[in-house]
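Here is a short note for a first look at this structure. Please keep the view open while going through the points.

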Amino acid sequence: MTPERWQKVRDVLEQALSLAPEQRPALFDHVCASDSELREEVETLLASDNDVRSSFLQSPPLPVTLSPGTKLGEYEIVVLVGSGGMGEVYRARDARLGRDVAIKVLPTSFTADEGRLRRFEQEARAAAALNHPNILVVFQMGTHQGSPYLVSELLEGETLRGRLKRERLTVSKTIDYGLQVVHGLAAAHEKGIVHRDLKPENLFITKDGRVKILDFGLAKLTQRQPSSGLGAPTLALETEQGVVMGTVGYMSPEQVRGQATDHRADIFAFGAILYEMLAGRRAFQKPTSAETMTAILNEEPPAIAQTSADIPVALQRVAHRCLEKSPEQRFQSASDLAFALDALSASSTGFLPARKVSISGRQRWAIAFSIIVVLSALAWRFGTWRSKQKIDLVERQLTANPPDSTISAAAISRDGKYLAYTGYGEFAKKLNLLAIDSGEVRSLPLPQRSLVWAWFPDGDHVLLSDGSSQDLWKMSTWDLSRRKVFTGHSWGQAISPDGSHIAVLKMPDELWIIG
């Protein structure tokens with residue numbers, strides 16, 4: 001925060017403190033009409049305890065101390081690019097590798113604040129422990145004249161907040177950005193790192209469309225059990241219960257209450273961000289911070305459909321599930337959330353009506369002859385190759401079903417990781433998903449007896465036919481949502497390599513193509 005910005009925030013804060021709480025919204029509407037971030041900064045300070053406000057009012061930031069040309073080891077400062085409560089960010093030149101980097105410096109005046117310094121060191125450790133394309137890459141940490149600094153990759157683009165101010169995102173773009181964020185969170189949570197301050201300002205969109213998660217300064221690192229076998233650096237630093245940390249409007253209910261938090265707090269914050277991308281408005285935004293936090297605890301956000309009728313219902317459900325008050329009712333992991341979004345991404349294009357391709361008698365003979373020729377050629381090539389090279393075939397049993405529950409149909413996913421199968425007896429109304437490497441089986445209930453025929457290329461959907469009408473369905477393996485893609489009995493079916501078409505042999509002389 002620059003001295004000028006600090007003075008502006010201080011002026012508004014002092015005016016607000018002189019007014020009764022019910023009079024403050026009118027003040028904000030007047031002085032912050034063109035600066036929503038100013039209003040948020042002041043409201044955050046009003047919601048903080050007295051010590052935090054006093055520290056802010058009594059400790060103005062020092063002027064920028066690093067001028068162009070200043071050397072920090074092998075890095076040379078080029079220009080100041082931004083500043084905030086956790087330090088100043090400079091563009092610098094790495095003379096050794098000939099590249100530009102970003103350097104975040106914590107001003108010397110702040111090093112006396114043990115809490116602020118500790119959070120800065122947390123950010124360094126948390127970010128350095130992560131190596132993921134959707135998380136800011138941290139190169140090293142150092143000290144310059146008593147001030148610690150963090151060296152990271154230099155990003156070109158804008159924050160998600162800046163993008164949302166400029167335009168309304170499409171559904172496909174929202175899912176794309178959301179998936180990238182969730183993949184980054186999954187990587188962080190896997191190493192025991194919780195962000196705890198996820199918001200549009202901490203999500204950066206590069207010029208090539210890559211989303212990067214910034215600022216792990218409020219991250220809580222949870223100590224893994226020694227048996228985890230993971231070598232990632234961790235830090236046993238639990239936030240004291242009763243201390244509210246985060247950004248108003250994106251904090252989970254447990255953060256608002258000052259309770260202990262885990263990775264599901266990030267899922268709530270992501271839900272608030274997803275809601276904002278879809279609805280074009282914040283999920284929780286009231287005239288004051290106190291009212292906003294009360295809404296987070298007690299109110300449900302307005303239905304997304306009220307502001308945009310063209311948002312898929314399944315995507316709305318994902319956002320609202322992330323925003324459940326109870327952590328137990330949210331997605332239980334970022335990986336599960338990514339699975340849900342990925343399935344929606346794959347199914348967002350939808351199917352076009354099927355069209356029939358009639359086959360004459362002469363065409364049937366031509367197709368049959370062509371198949372015979374191709375199979376003969378393949379058999380000859382295989383026989384020739386087989387004669388030149390010995391192949392050792394290894395059999396491996398994948399299932400061990402009882403005699404009264406044998407398998408009726410099965411299909412291996414295109415990446416070879418999963419076997420989907422249906423059966424008889426107790427398996428008649430279940431789709432079983434077997435992880436081939438681990439042997440773990442997940443059984444999904446089906447509304448009626450069905451047969452599984454194939455996997456779609458996305459690895460999240462399968463092609464099923466029901467046991468009565470033989471209609472074909474595309475079904476998601478994460479939420480069991482189904483969509484009928486063909487009506488009537490079929491003699492055979494196949495999915496194109498890119499998943500864009502389904503070919504169905506309805507009668508011996510009718511080939512149907514579903515777009």
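1. Start with Asp-100. The model is predicted, and in it Asp-100 has 28% relative accessibility, so this residue counts as partly exposed. Its salt-bridge partner is Arg-91, with the closest N and O atoms 3.1 Å apart. Arg-91 is also partly exposed, at 24% relative accessibility.

2. The pair does not stand alone. Arg-91, Arg-93, Asp-100 and Glu-156 are linked in a network of salt bridges. In total, the structure holds 19 salt bridges.

3. Next, look at Arg-166 and Glu-158. Their side chains form a salt bridge, at 2.5 Å from N to O. Glu-158 counts as buried, with 19%; the cut-off for buried is under 20%.

4. Arg-161 and Glu-276 also meet through their side chains in a salt bridge, again given as 2.5 Å from N to O. Arg-161 belongs to helix α6 (residues 160-166) and Glu-276 to helix α9 (residues 264-279), so this pair ties together parts that lie 115 residues apart in sequence. Both Arg-161 and Glu-276 are buried.

5. Finally, turn to helix α11, residues 313-322. Which of its residues are buried? They are Leu-315, Gln-316, Val-318, Ala-319 and Cys-322. These residues cover an arc of only 155 degrees around the axis, which puts them on the same side of α11. The face turned away from that buried side carries the exposed residues Val-313 and Arg-317.

Notes. Residues are numbered from 1 along each chain as its sequence is written. This is a predicted model: local features need pLDDT of at least 70, side-chain atom pairs count only at pLDDT 80 or more; totals for chains, interfaces and linings use all residues. Side-chain values use heavy atoms; hydrogens and water are left out. Buried means under 20% relative accessible area, exposed over 50%, partly exposed in between (1.4 Å probe, protein chains only). Helices (H or I, at least four residues) and strands (E, at least two) are DSSP runs, numbered from the N terminus. The arc is that of the directions from the helix axis to the C-beta atoms. A salt bridge is a side-chain nitrogen of Lys or Arg within 4 Å of a carboxyl oxygen of Asp or Glu.
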